[in-house]
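Student: Could you take me slowly through one part of this structure, the salt bridges and the places where their partners sit?

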Amino acid sequence: MHNRLLISAAFFFSLLFGTNVSGLISSNTTWSQANSPYVVTGNLLINTGVTLNIEPGVLIKVDAGKYIKVEGNIIAIGSLNEIITFESNDLQEKSAWDGIRIRPNSGSAIDSNQEYLSGSQFKHVSFKHADRALYIYETGLHISFCQFSTNNKGIEIRSTTDVVVDNCTFVNNDYGTWSEYEDYSSGDYVNAIENTYIQSSLFFSNITGLYLITNQRSFINLNIRDNIFEQNNIGIS
């Protein structure tokens, strides 16, 4: 009976205050629904060779201006009834937190049918209030059945290969997807974008649904198919 009371107290403490996280994740880690919400109070790095698994239904709240950088892998697979959510822990507005940075070693492997094989993955995940919810650099990523709402940019692709955006929803963002014009200062250089699949997705009430700037780079095997664009200022630029 005493142990049961302790477990119940820990569970309700988690509901009220959450689990604070920041700094380095240096070993394989699982974020559980029981310990949700997770509050990112400082910049968070998932180290090379390390996997962060996020269970269905987990809520992640990120302090203003903070980011999650992924040098290893992040696997966030929710479900239709238990969506994983990343949102601001402060102001509920665009660019409140920086977003998730997918680095060259942390992407997905896909097969010839653009299905997920291994590595990082986002499925049934909601992203809110970020500057760049997902920033993908020099790698690929499999993103399916995800929701991007009230962000500055939902997804930025830069020097990417094998990015799949499938059955996603983009609502009330400044830009649903984006590619940078030029960048000579950050070290993340603009380069060719290859084997991109943006398909079966809804772009609704964004300033611009798809914004892909062709200056400074080439788009090779760019596939934009079976999407719906409604009530955006600009559908595709």
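Tutor: Both Glu156 and Arg132 are buried, a word used for residues under 20% relative accessible area, with exposed meaning over 50% and partly exposed in between (1.4 Å probe, protein chains only). This is a predicted model, in which local features need pLDDT of at least 70 and side-chain atom pairs count only at pLDDT 80 or more, while totals for chains, interfaces and linings use all residues. Residues are numbered from 1 along each chain as its sequence is written, and side-chain values use heavy atoms, with hydrogens and water left out.

The side chains of Glu156 and Arg132 form a salt bridge with an N to O distance of 3.2 Å, the term standing for a side-chain nitrogen of Lys or Arg within 4 Å of a carboxyl oxygen of Asp or Glu. Because Glu156 belongs to strand β17 (residues 153-158) and Arg132 to strand β14 (residues 130-137), the pair ties together parts 24 residues apart in sequence; strands (E, at least two residues) and helices (H or I, at least four) are DSSP runs, numbered from the N terminus.

Another salt bridge joins Asp183 to Arg158, at 2.7 Å from N to O. This pair links distant parts of the chain, 25 residues apart, with Asp183 in the loop between β20 and β21 (193-199) and Arg158 in strand β17. Asp183 counts as buried at 14% relative accessibility, and Arg158 is buried as well, with a relative accessible area of 4%. Through salt bridges that share partners, Arg132, Glu156, Arg158, Glu180 and Asp183 are joined into one network. Across the whole structure, a search finds eight salt bridges.
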